[in-house]
Amino acid sequence: MKAVILAAGRGSRLGQLTYKKPKCMTEVDGISLLDWQHSVLKSAGINDIYVVSGYLSNVISKMDYQTLYNSDWNKSNMVMSIKIALDNIEPPFIISYSDIIYSRKIINDLIKSNSDISVAYDKNWLNLWEMRFKDPLVDAESFILNSKSNIIEIGNKVKDVREIEGQFMGLLKINNNGKQSINRIINKKKDNLFTFDTTKLLSGMIKKRITIKAIPNYEGWCEIDSQKDLSIANNLV
């Protein structure tokens, strides 16, 4: 099993904290986000780990990581970095956003999944979102499952938290068939690929009746997208 950490972005909402270093080097409890993820992935038995860099990539290249470079980091979303991973690494592999902290258990559960595409989600998302936002619906998106725990809707705005069964964590697993399915969607979106984000990608696949398995996370995790998030993360850790 391999893993890819998507770390091309700056994280401008963290302000001066990312002035001289990429977002993934932001520290929680004295440890960089990148090192948090690397440690958890290795503890789950994944030793072949890549980092897709972009903003201040030289900071990451000086460290002991296998790197891929997203030259369009300043005008694209996560899907461009996913495409770079798909173009350079053979599945199966775990994809991880670089601004999250999570446990080994959810990685183990993703590894065990035999689905073409498996997506980790926080079933108890509201507790974290109420800490992060005055109104959780400002940031939360739809996440609806069928009776087989496959995602049937993701990424839309909703008006009631009761319509949301979880939140995408920024963690997924792709095997070879999943890679082919993603590439078909990406190839049809070349004209607006720079504005195409991950939930739109997943939603597009669902519309094509591609099965996406939802893997629930019951352990603590956090996302660091602002200085408030960073304070919350330090307290949670």
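Q: Strands here are DSSP runs of E with at least two residues, and helices are runs of H or I with at least four, both numbered from the N terminus. With that in hand, which strand gives the most to the lining of the largest pocket?
A: Strand 11 does, with 4 residues. Keep in mind that this is a predicted model.

Q: How many residues line the largest pocket, and which lie nearest its centre?
A: The lining has 37 residues, and Arg13, Met78, Tyr97, Asp99 and Glu223 lie nearest the centre.

Q: And how much space lies in there?
A: The largest pocket holds about 970 Å³ of space.

Q: Which residues line the largest cavity?
A: Its lining is made by Ser103, Lys105, Ile106, Asp109, Pro216, Asn217, Tyr218 and Glu219. Helix 4 and strand 12 each supply at least two residues to that lining, and helix 4 has the largest share, with 3 residues.

Q: Strand 12 came up there. What order do the strands of the open sheet have?
A: The open sheet has 7 strands in the order 5-4-1-6-11-8-12, and the pairing is mixed. The edges are strand 5 (66-69) and strand 12 (213-217), each of which pairs on one side only.

Q: By how many degrees are neighbouring strands turned against each other?
A: On average it's 25°, ignoring direction.

Q: Zoom in on strand 1 and strand 6: do they run parallel or antiparallel, and how many bridges join them?
A: Strand 1 (residues 2-7) and strand 6 (residues 93-97) run parallel, with 5 bridges joining them. To find the spot in the model, look for isoleucine 5, which stands opposite serine 96 in strand 6.

Q: Switching topic: how many disulfides are there?
A: The count is 0. Cysteine 24 is in no disulfide, and the nearest cysteine sulfur to it, on cysteine 222, is 15 Å away. Two sulfurs have to be within 2.5 Å to count as a disulfide. Likewise, cysteine 222 is in no disulfide, with the sulfur of cysteine 24 as its nearest at 15 Å.

Q: Is cysteine 24 buried or exposed, and is cysteine 222 buried or exposed?
A: Cysteine 24 is buried, with a relative accessible area of 1%. Cysteine 222 is buried too, at 4% relative accessibility.

Q: How many salt bridges does the whole structure have?
A: A search finds 10 salt bridges. Side chains of opposite charge can pair when their charged atoms come close.

Q: Which residue meets aspartate 225 in a salt bridge?
A: Lysine 23 does, at 2.9 Å from N to O. The pair links distant parts of the chain, 202 residues apart. Aspartate 225 sits in the loop between strand 13 (222-223) and helix 8 (227-236), while lysine 23 sits in the loop between strand 1 and strand 2 (27-28). Both aspartate 225 and lysine 23 are buried.

Q: Which residues are linked with those two in a network of salt bridges?
A: Arg13 and Asp99 are, in a network with Lys23 and Asp225. You've met Arg13 and Asp99 already, among the residues nearest the centre of the largest pocket.

Q: And arginine 132, which residue does its side chain meet in a salt bridge?
A: Aspartate 229, at 2.8 Å from N to O. This pair also links distant parts of the chain: arginine 132 is in helix 5 (residues 125-132) and aspartate 229 is in helix 8, 97 residues apart. Arginine 132 is buried at 6% relative accessibility, and aspartate 229 is buried at 3%.

Q: Back to helix 4: how far apart in that helix are aspartate 109 and lysine 105?
A: They are 4 residues apart in helix 4 (residues 104-112), which means about one helical turn separates them.

Q: Is aspartate 109 buried or exposed, and how about lysine 105?
A: Aspartate 109 is buried, with a relative accessible area of 18%, whereas lysine 105 is partly exposed at 41%. Both aspartate 109 and lysine 105 are also among the residues lining the largest cavity.

Conventions. Residues are numbered from 1 along each chain as its sequence is written. This is a predicted model: local features need pLDDT of at least 70, side-chain atom pairs count only at pLDDT 80 or more; totals for chains, interfaces and linings use all residues. Side-chain values use heavy atoms; hydrogens and water are left out. Two strands pair if DSSP finds at least two bridges between them. Axes are lines fitted to C-alpha atoms, for helices over the stretch in contact, and angles run from 0 to 180 degrees between N-to-C directions. Buried means under 20% relative accessible area, exposed over 50%, partly exposed in between (1.4 Å probe, protein chains only). A salt bridge is a side-chain nitrogen of Lys or Arg within 4 Å of a carboxyl oxygen of Asp or Glu. On a 1 Å grid over the protein atoms alone, a cavity is a set of points where a 1.4 Å probe fits but cannot get out, and a pocket is an open set with protein on both sides within 12 Å along at least five of seven lines; lining residues have an atom within 4 Å of a point. Grid points are joined across faces, edges and corners, and a volume is the space filled by probe spheres set on the points.
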